[in-house]
Amino acid sequence: MDKALAELQAEIYRVPVDRLMEHGRLRAEAMTIRDNKAEQGGVTEEDWNRINELLRQSWRSLASAVKT
């Protein structure tokens, strides 16, 4: 999933996929936490905080990669 998310952004922003792997990894981790916790009965406030932080990091990573 990491690479697929990176490839999507690489296509949109026309940058090499290797520059977007951190973005893909962080975003995939956030998605996995949400999905796994939902399957286990619910996402807690702590989980949402972690997901939020991962997504913020992923978007910062994306912004940095496309500016380079």
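Predicted model: local features only at pLDDT ≥ 70, side-chain atom pairs only at ≥ 80, totals over all residues.
The chain has 3 helices and 0 strands, and, read from the N terminus onwards, its elements follow the order α-α-α. Along its principal axes, the C-alpha trace extends over about 40 × 20 × 15 Å. The chain has 68 residues, of which 28% count as buried. If we take the contacts in the chain with a separation of 6 or more, 48% of them join residues 24 or more positions apart.

Let me turn to the packing of helices. In general, two packed helices are described by the angle between their axes and the distance between those axes. For helix H1, residues 2-13, and helix H2, residues 21-39, the axes come within 7 Å and cross at roughly 125 degrees. The crossing of H1 and H2 is right-handed. On the H1 side, the contact is made by Asp2, Lys3, Leu5, Ala6 and Gln9, while H2 contributes Met21, His23, Gly24, Arg25, Arg27, Ala28 and Met31. Sorted by class, this contact of H1 with H2 holds 5 nonpolar, 3 polar and 4 charged residues.

Next come the nonpolar cores. The largest of them has 6 residues in all, namely Ala6, Ala10, Val15, Leu20, Leu62 and Ala65, and both H1 and helix H3, which covers 45-67, supply at least two residues each to this core. Ala6, which we have already met in the contact between H1 and H2, touches Val17, Leu20, Met21 and Gly24 when residues up to four places away in sequence are not counted. Apart from this core lies another one, of 5 residues, including Ala30, Ile33, Ile51 and Leu54.

Where does Val17 lie? Val17 sits in the loop between H1 and H2, and, because its relative accessible area is 27%, Val17 is partly exposed. With neighbours within four places in sequence left aside, Val17 is in contact with Lys3, Ala6, Glu7 and Ala10, two of which, Ala6 and Ala10, are members of the largest nonpolar core. Val17 and Leu5 are 12 residues apart along the chain, and their C-alpha atoms are separated by 9.5 Å.

Leaving aside neighbours within four places in sequence, the contacts of Val43 are with Arg34, Lys37, Ala38, Trp48 and Ile51, and Ile51 is one of the residues in the core of 5 residues. The C-alpha atoms of Val43 and Arg14, which are 29 residues apart along the chain, are separated by 35 Å.

Is Ser61 buried or exposed? Ser61 has its place in helix H3, and with 10% relative accessibility it counts as buried. Not counting residues up to four places away in sequence, Ser61 touches Glu22 and His23, and His23 is also among the H2 residues that make the contact with H1.

Definitions and conventions. Residues numbered from 1 in each chain as written. Heavy atoms only, no water. Axes fitted to C-alpha atoms, helices over the stretch in contact; angles between N-to-C directions. Helix = DSSP H or I, 4+ residues; strand = E, 2+ residues; numbered from the N terminus. Left-handed = near helix turned anticlockwise from the far one by under 90°. Contact = heavy atoms within 4.5 Å. Nonpolar A, V, L, I, M, F, W, Y, C, P; charged D, E, K, R; others polar. Core = buried A, V, L, I, M, F, W, Y, C linked by side-chain atoms within 4.5 Å. Buried < 20%, exposed > 50% of the residue type's maximum accessible area, 1.4 Å probe, protein only.
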